Amino acid sequence: MSETIGQPGDPALPRPMGIGEILSTALQLYRRHWRILLTIAAVVVVPITLLHYLVGDLVRTQGETTRNGVVETATWSVGIAGLVAALAGILMYLVLTGAITRTVAAEVAGQDPSVEQSYRFGFHRLGSVLLVSVLVGLAIIGGLILFIIPGIYIGIRLCVSIEALVVEGRRGTEAMGRSWGLVGGHWWHAFGTVVVGGLLTGIVNAVITVPFSDTSWFVQAVAAAVATVVTLPYSAVVGVLLYLDLRARKESLTMEILRTDLQVSAA
């Protein structure tokens with residue numbers, strides 16, 4: 001059932017893997033394809049992060065330097081600009097999610113997508129990614145409102161919804177149902193992968209950003225952008241590998257099937 005990826009030295013996929021193997025394989029793929037992964041992430045992350053920190057600095061500055069009625073007008077105007085920037089940032093991050101997930105899946109399948117192709121897919125699937133993200137978020141929030149544990153359980157059961165959307169072209173609740181079915185019976189495996197992967201990226205993020213926590217907003221923004229550009233692709237690789245691992249555990253998944261899924265989902 002296992003086949004090799006397009007380039008020599010890549011790990012044989014798709015096949016069932018343990019948590020440690022998923023994380024180490026993700027690192028191998030990251031190191032092999034780091035140029036395109038970092039480029040795709042940087043296109044969105046750098047400008048959005050700089051804009052976010054700039055607006056935050058303007059809000060603080062306006063609140064400190066204006067007086068009487070002027071402070072409310074200035075603060076509100078900057079606040080509105082910040083809200084618009086935040087909404088634009090969310091939409092662009094959703095585009096990035098679709099683009100980088102597609103790139104990782106394509107790289108695993110031995111394809112060589114360009115940055116332009118990846119972002120074309122991301123923009124084309126923006127509505128679908130937004131819908132699935134909102135639905136998953138609402139489901140998790142609903143579980144957290146009831147009790148913390150149901151929220152965590154639901155979050156893990158839905159953790160590969162975006163991957164199902166991007167790779168198989170499933171939309172809305174269908175993508176969520178696909179994730180729910182794949183994780184079923186392997187919840188602790190998925191939980192361990194998500195948690196350990198999140199801890200690793202969190203540690204790397206902190207190592208990069210904490211030394212600059214007392215510097216100017218611009219330096220902090222640059223550090224935050226670098227940290228996100230470095231860690232976000234790895235998280236995407238882990239997510240795709242977990243998704244493929246779950247499919248390999250439950251289905252006769254081959255590289256041909258994966259390539260066919262990618263071709264159909266891009267149509």
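Predicted model: local features only at pLDDT ≥ 70, side-chain atom pairs only at ≥ 80, totals over all residues.
**Asp 245**

I started with the side chain of Asp 245, which reaches the backbone nitrogen of Met 17 at 2.6 Å. I call that a polar contact: a pair of N or O atoms within 3.5 Å, where within protein one must be able to donate a hydrogen and the other to accept it, and residues adjacent in sequence count only if both atoms are side-chain atoms. Residues are numbered from 1 along each chain as its sequence is written, and side-chain values use heavy atoms, with hydrogens and water left out.

I placed Asp 245 in helix H10 (residues 217-250). Helices here are DSSP runs (H or I, at least four residues), as are strands (E, at least two), numbered from the N terminus. Is Asp 245 buried or exposed? Its relative accessibility is 0%, so I put Asp 245 down as buried. The scale I use: buried is under 20% relative accessible area, exposed over 50%, partly exposed in between (1.4 Å probe, protein chains only).

Next I looked up what Asp 245 is in contact with (heavy atoms within 4.5 Å). Leaving aside neighbours within four places in sequence, I found Arg 15, Pro 16, Met 17, Ile 22 and His 189.

**Helix H6**

I went to helix H6 (residues 148-157), where the buried residues are Gly 151, Ile 154, Gly 155, Ile 156 and Arg 157. Their cover includes helix H5 (126-146), helix H8 (172-183) and helix H9 (187-209).

**Aromatic rings**

I noted seven aromatic pairs in the structure. Rings of Phe, Tyr and Trp (its six-membered ring) pair if their centres lie within 6.5 Å; planes under 30 degrees apart are stacked, over 60 edge-to-face, and the rest tilted.

One of the pairs is Tyr 30 with Tyr 234, edge-to-face at 6.3 Å centre to centre and 70° between the planes. This pair links distant parts of the chain, with Tyr 30 in helix H1 (residues 19-32) and Tyr 234 in helix H10, 204 residues apart. I list Tyr 30 as buried because its relative accessibility is 13%, and Tyr 234 is buried at 11%.

I then checked Tyr 153 and Trp 180: the ring centres are 6.0 Å apart and the planes at 85°, so this pair is edge-to-face. Tyr 153 lies in helix H6 and Trp 180 in helix H8, 27 residues apart. Tyr 153 is partly exposed at 34%, and Trp 180 is partly exposed at 33%.
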